Amino acid sequence: MSGDAQDPVKTICPYCGVGCGIQVKPGEEPGDMQFMPWGDAPVNEGRICIKGGAATEVVDHEDRLTDPLIREDDGELREASWEEAYELIVSEMERIREEHGPDAMGFYGSSKVMNEENYLLQKLARRYGTNNVDNCTRMCHASTVWALRTSLGAGAMTNSMEDLRDAADVLWIQGANPAEQHPIANSQYFRQAVLEGATVIQVDPHANKTTRSFKIDETDRHQHLQVKPGTDVALLNVVLKTVLENDWIDEAFIEERTEGFDHLVETLEDFDKRSAAEECGLELEAIERAAETYATAENATIFTGMGMSQHTSGVDNVQNEINLALITGNVGRPGTGVNPLRGQNNVQGTCDVGAMPNVLPGYQLVDDDEAREAVEEVWGFEVPDEPGLTNVEISHESGKSVHGLYIMGENPIMSEPDANVVAERFKQLEFVVVQDIFPTETAEYADVILPATTWAERGGTVTNTDRRVQLMRGVEKVHPNTKHDLEILSEVGTRLFDEGFDFEDVEAVFEELRQVCPIYHGMTYEALGEEGLHWPCYEPGDEGDLYLYEDEFDTENGLGHIEGVRHQPPAEVPDEEYPLVLTTARLEEHYNTGTMSTRSPTLNRVKPENFVDVHPNDAERYGIEDGDEVTIRSRRGEITVKAQVTEDIKEGVIWTTPHFAAASANKLTNDVLDERAKIPEYKAAAAEIAVDVEPTGAEPADD
Ligand code: SF4
């Protein structure tokens, strides 16, 4: 897929799930590449945010991994040949399987790499004999995917940015901050809807750039409900009860297209709206007004973000949003639906192609005999019929039932909660492969480190947040001894299993993916062209769907599933020792564990380090001045950062970010999981904050 070295190539931004098209212009030398706008790119029409514009800066960064590395017995790394690295990987994977069985390995896919690469990684795991394969969606939207798949049919946006821009009258944005985390979606689509008259209801503990971009706090038209972290089910129950009391429901839609309405009514029968509103830290009347705005609109849509999904009640949170959409008939039309704003540029595709422990490509359940057997027929080997471990479970089991890891393009030491303990667990592993572009924090625990090429140097497909599958194209490699993830997986698979991993090129992998993934079956590279296609495309020639469920849901009986849910507090609530709620989120200028973004000079100039937002009343209580260095502690660790004293955050809550290795929020976060989706509760932990004290340097508690 490499283009002519002198011609710019059209590709897709490697950062967020909006899927903006950009161009990469090669220079005299391979590393001299530059960013160029792609004027008629289908999603963004040439517009770009700060991250997209800076994306090429890190491609030839001096920290790039350029040769394979092997760790010696004394712990030191040495350069190795690819042959040596492959031999060691194959012999160790074979040894682990012989000594402990196939479930002793865990595989991490990556939402930073292409569909074809994730497809091959999950196939490798399954050929090895395990379903222990997962990706970072576990950390961001696993609960959303669970609730949407179970209640509507597909774990993805019901609608598209395009139809929401053109038809939505109300944007209900809960636990998401699109102005910072999906900037072009916000500026080009959601703002356009607002300019055309749409009303915004924002539900978030933090006033942020989204609040300011719509001037939410400055007008009577829009509303910001500054809810306490972890009370979203309670808030939505107030909304639902208000809708029922006022008969703002869509009776015909409920009757013809849904099941479970009686259960919802029963759940809310003795529900006390006023005390629930108090629990949320809000006036009842404010929530009632928001309920009326949503329920009486012609077309109302819900955007849901990680403020909803990253809780022990993550599935319930999203189910209650689905309940609201279903009882008001706001699904199956342009401008409606329940729409998760997905994080990384290919997190949707990584799930679509089956890099998850419970599903095969196209969300076919591994324990569905018929679906599994159809995939086995194409692959020519048997797939285990029990779901495997999620990535947090793999981490919990490291050194116990899990003895080896194959990690492609992920950084679990930084991205998983309670990071200090994750590092301790990884020390217990017998063998770890890390395949990446930079020496990540996780690579410090690797026995073999494989240097991969970056997003700008290779081609393939990625799937953005509204299900649009698009082609990426690559320019010449910067470092000749690096390899594409696909080449590496192909070689490892072929050495381990002889057959099934040797493909002529990336398109040939996509062709096999189409055979086992019904929602991609109708796509070809030719049909994707420059515009891409929104899945599902079941047959060649299908043009894809901008919105889903016009006539029926993709559930077994075709009905949308309503289910009443009750508020459960977060697993850890404030007490005397840890009196504050710590919550976390991402910044506009950085991305996840910062592997790429914190190496970008432009992004670092704007946001060079972590910080914490503290409400003025809390600042006074703890003697904190704006700009002070403060130590934040939870039961799991501590970090030292600068304080920003601001009314943006609710009193009693402190807010920080996970991007910076030296002071990552994940040294503090709680690794307790939502029971069904197994997503950790990043969004609510008990914490204390202090100024003018020496950090204790305390060791993390034992697991
Ligand atoms: Fe890249 Fe997202 Fe910014 Fe678009 S909005 S340029 S996809 S980071």
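Q: How many cavities of 30 Å³ or more does the structure hold?
A: There are five of them. A cavity is a set of points on a 1 Å grid over the protein atoms alone where a 1.4 Å probe fits but cannot get out. The model is predicted, local features need pLDDT of at least 70 and side-chain atom pairs 80 or more, while totals for chains, interfaces and linings use all residues. Residues are numbered from 1 along each chain as its sequence is written, and side-chain values use heavy atoms, without hydrogens and water.

Q: What volume does the largest cavity have?
A: About 700 Å³, counted as the space filled by probe spheres set on grid points joined across faces, edges and corners.

Q: What about the second largest cavity, how is it lined?
A: The second largest cavity has a volume of about 130 Å³. It is lined by 14 residues, and Lys112, Val113, Ile437, Thr453 and Arg458 lie nearest its centre. The classes there are six nonpolar, four polar and four charged.

Q: New topic. Which residues surround the ligand?
A: Around the ligand are Cys13, Tyr15, Cys16, Gly19, Cys20, Ile48, Cys49, Gly52, Pro183 and Ile184, each with a heavy atom within 4 Å of it.

Q: How many of that shell are charged?
A: The shell around the ligand has no charged residues; eight are nonpolar and two polar.

Q: Is Asn132 buried or exposed?
A: Asn132 is buried, at 3% relative accessible area. Buried means under 20%, exposed over 50%, and partly exposed in between, with a 1.4 Å probe and protein chains only.

Q: What does its side chain reach?
A: The side chain of Asn132 reaches the backbone oxygen of Asp103 at 3.0 Å, and also that of Met105 at 3.3 Å.

Q: And Glu72, how accessible is that?
A: Glu72 counts as partly exposed, with 34% relative accessibility.

Q: How far apart are the C-alpha atoms of Glu72 and Val509?
A: They are separated by 35 Å, and the two residues are 437 residues apart along the chain.

Terms used
Nonpolar A, V, L, I, M, F, W, Y, C, P; charged D, E, K, R; others polar. Polar contact = N/O pair within 3.5 Å; in protein donor to acceptor, adjacent residues only side chain to side chain. 1 Å grid on protein atoms, 1.4 Å probe; cavity = no way out; pocket = protein on both sides within 12 Å on 5 of 7 lines; lining within 4 Å.
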